[in-house]
Amino acid sequence: MTNTAPARALHAVPAAPERRTRWTDDQLLSQEFPPPRWAVPGLLCEGLNMLAGAPKLGKSWLSLGIGAAIANGDPALGGIEVERGPVLYCALEDTGRRLQSRRRQMLAAGGRAAPLLTLETACPTMPNGGDAVIVEWIEENPAARLIIIDTFEKMRGRNPQGVSAYAADYAAAGRFKTIADNYGVPILLIHHVRKQAAEDWQDLVSGTNGLTGAVDATLVLERSRGQADGVLHVTGRDVVENDYAMTFDGTFWSKLDGPASDYEMRDTRALLMRLVREYPGSKPADLAKALDKPPATVRKTLSRMAEQGQLRVAPGGAYYPPDPGDQPSDQVSDTSPLSHLSLGHSTAADQEESL
């Protein structure tokens, strides 16, 4: 990812019009609103965004890479043109030494120093003055393009007593959303996913629906442990819901061309075929756990394999090899339970990440 292009010009951001919250219907229909400000067109828009993923998956590398690209006006994620401007990256689970090591690794891999990138490793929680720190930085940097909070949990503060978990989550995210809305600056909160699998990828976000309900956009990064390729799920109020194929080289994340499903199913089909032959009658959840792959990916792949005659699916969702003689579809398999260690993987250790 070598980039030797000169720094793009830093354009002044027009003063935002006074925020208005009430119109008559005819006033609203005739109102001319400025277009939304994008940090990364198609992915990160003004307002409050939340990126969730499993620990040590690469979320910090992803967010830091995006921040450095915007601060320099370089293409983000390997090819998305962005507007250059100041970026605040609050790496609240890191030390200065770790951040320095990470940035040096990025520069050695072809990145550039980013003078407009502000790196912070300590900040009060929002109820204890964190909001004032963010506002102060925005007012010192009126051309601000993005604020990254890594992680949300480190700044949200304690839940108020006597309120439901939903209300507490909604209020905690709402503190960040107020700033994002008032200043028109995209804020990206880095968060975790829960351990349990879920049918809907939005339900993977740790916490209650109060979080996903309060934010303007939800992004979930999924990558099987030890694998380079992953999927970035995106949905929100101003973004088009989509799944993006991603790849990670140990330093930089890049968005791949084409639909995510094309990349998800390449190697997964061969692994699933092998497992189903060894454990006929297995169900998608067990297969996903054994492969350490996103359940949604495995379900989609199994369904397509069944449609193309590569596997058979029985009533109830159990999968069998394509040869009817291997296992009757109406017979419950008496094989031993599918183990998470059923398939061994000889993959390189994951790149160290603070999150």
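1. Trp23 is partly exposed at 27% relative accessibility; on this scale, buried means under 20% relative accessible area, exposed means over 50%, and partly exposed is in between, with a 1.4 Å probe and protein chains only. Phe33 is partly exposed too, with a relative accessible area of 49%. Bear in mind that this is a predicted model: local features need pLDDT of at least 70, side-chain atom pairs count only at pLDDT 80 or more, and totals for chains, interfaces and linings use all residues. Residues are numbered from 1 along each chain as its sequence is written, and side-chain values use heavy atoms, with hydrogens and water left out.

2. On to the aromatics. A search of the whole structure turns up four aromatic pairs. One of them is Trp23 with Phe33, edge-to-face, at 5.8 Å centre to centre and 75° between the planes. The pair links distant parts of the chain, 10 residues apart: Trp23 sits in the segment before α1 (25–30), and Phe33 in the loop between α1 and β1 (38–40). For the cut-offs, rings of Phe, Tyr and Trp (its six-membered ring) pair if their centres lie within 6.5 Å; planes under 30 degrees apart are stacked, over 60 edge-to-face, and the rest tilted. Helices (H or I, at least four residues) and strands (E, at least two) are DSSP runs, numbered from the N terminus.

3. There is also a charge over a ring: Arg102 lies over the face of Trp61, 5.2 Å from the ring centre. That label requires NZ of Lys or CZ of Arg within 6 Å of the ring centre and within 35 degrees of the ring normal.

4. Have a look at β6 (residues 146–150), where five of its five residues are buried. Leu146, Ile148 and Asp150 point one way, while Ile147 and Ile149 point the other way. Five bridges join β6 to β4 (residues 87–91), running parallel, and three join β6 to β7 (residues 187–192), parallel as well. Strands count as paired if DSSP finds at least two bridges between them. Ile147 stands opposite Leu88 and has Ile187 as its bridge partner in β7.

5. A cis peptide bond joins Asp150 and Thr151, with omega about 20°. Thr151 is in the loop between β6 and α5 (152–156).

6. Of its 11 lining residues, the closest to its centre are Gly65, Ile66, Leu77, Phe252 and Trp253. Helix α2 (residues 59–72) gives the largest share of the lining, five residues. A cavity here is a set of points on a 1 Å grid over the protein atoms alone where a 1.4 Å probe fits but cannot get out, and lining residues have an atom within 4 Å of a point.

7. Leu77 lies in the loop between α2 and β4 and counts as buried, at 7% relative accessibility. Lys56 also has a positive phi, near 60°, but counts as partly exposed at 42%.

Key: On a 1 Å grid over the protein atoms alone, a cavity is a set of points where a 1.4 Å probe fits but cannot get out, and a pocket is an open set with protein on both sides within 12 Å along at least five of seven lines; lining residues have an atom within 4 Å of a point.
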